[in-house]
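Trainee: I have a chain open and some questions about it. Can we go through them?
Mentor: Go ahead.

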Amino acid sequence: MQGVTLGGTGKEHGDRHPKIGQGALLGAGATILGNITVGEGAMIAAGSLVLKHVPPHSMAVGNPAKVVGYTEKEDPSLTMKHDARRDYFEHVAGSFPDSRSNGSVVK
């Protein structure tokens with residue numbers, strides 16, 4: 001999307017930039033910094049600041065971004081469903097067991 005920033009933090013040596021998985025949807029104005037991975041099919045909300053790994057098929061929101069749920073679609077970049085409101089994210093986050101929606105990242 002428009003105005004997305006991908007870059008290093010300035011604190012790392014070697015490979016410093018983020019890796020974006022196939023089909024990930026990055027909302028307008030999102031900033032992804034550091035040697036991290038945004039997993040395949042993940043959704044990053046507009047304006048979010050991502051500083052940690054985002055697991056595949058998850059939704060991350062905020063500054064700093066936190067995982068709030070998981071997507072059911074394999075490739076959200078094709079559906080372009082980026083206009084979801086807070087109630088949508090809360091509904092989706094509430095529909096998964098606590099073990100997946102607690103914000104922990106599995107590498």
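Trainee: Leaving aside neighbours within four places in sequence, which residues is S48 in contact with?
Mentor: S48 is in contact with G29, A30, T31, A60, V61, G62 and A65, where contact means heavy atoms within 4.5 Å. Before going on: this is a predicted model, where local features need pLDDT of at least 70, side-chain atom pairs count only at pLDDT 80 or more, and totals for chains, interfaces and linings use all residues. Residues are numbered from 1 along each chain as its sequence is written, and side-chain values use heavy atoms, with hydrogens and water left out.

Trainee: Is S48 buried or exposed?
Mentor: Buried, at a relative accessible area of 2%. Buried means under 20% relative accessible area, exposed over 50%, and partly exposed in between (1.4 Å probe, protein chains only).

Trainee: What lies 3.1 Å from a polar atom of the S48 side chain?
Mentor: The backbone nitrogen of G62.

Trainee: And where is S48 found?
Mentor: In the loop between β6 (43-44) and β7 (49-50). Strands here are DSSP runs of E with at least two residues, helices are runs of H or I with at least four, and both are numbered from the N terminus.

Trainee: Which strand does β6 pair with in the parallel sense?
Mentor: β8, residues 58-62, over two bridges. Two strands pair if DSSP finds at least two bridges between them. I44 has A60 in β8 as its bridge partner.

Trainee: What is the strand order in the open sheet?
Mentor: The order is β3-β6-β8-β9, four strands with mixed pairing. β3 (25-26) and β9 (65-70) each have a single partner strand, so one side of each is left without a neighbour in the sheet.

Trainee: Zooming out, how many helices and strands are there in the chain?
Mentor: Three helices and nine strands. From the N terminus, the elements run β-β-β-β-β-β-β-β-β-α-α-α.

Trainee: What share of the chain is buried?
Mentor: Buried residues make up 35% of the 107 residues.

Trainee: Different topic. How many salt bridges does a search of the whole structure find?
Mentor: One. A salt bridge is a side-chain nitrogen of Lys or Arg within 4 Å of a carboxyl oxygen of Asp or Glu.

Trainee: Which side chains meet in it?
Mentor: Those of K19 and D15, at 2.8 Å from N to O.

Trainee: How accessible are K19 and D15?
Mentor: K19 is partly exposed at 32% relative accessibility. D15 is also partly exposed, with a relative accessible area of 46%.

Conventions:
Polar contact = N/O pair within 3.5 Å; in protein donor to acceptor, adjacent residues only side chain to side chain.
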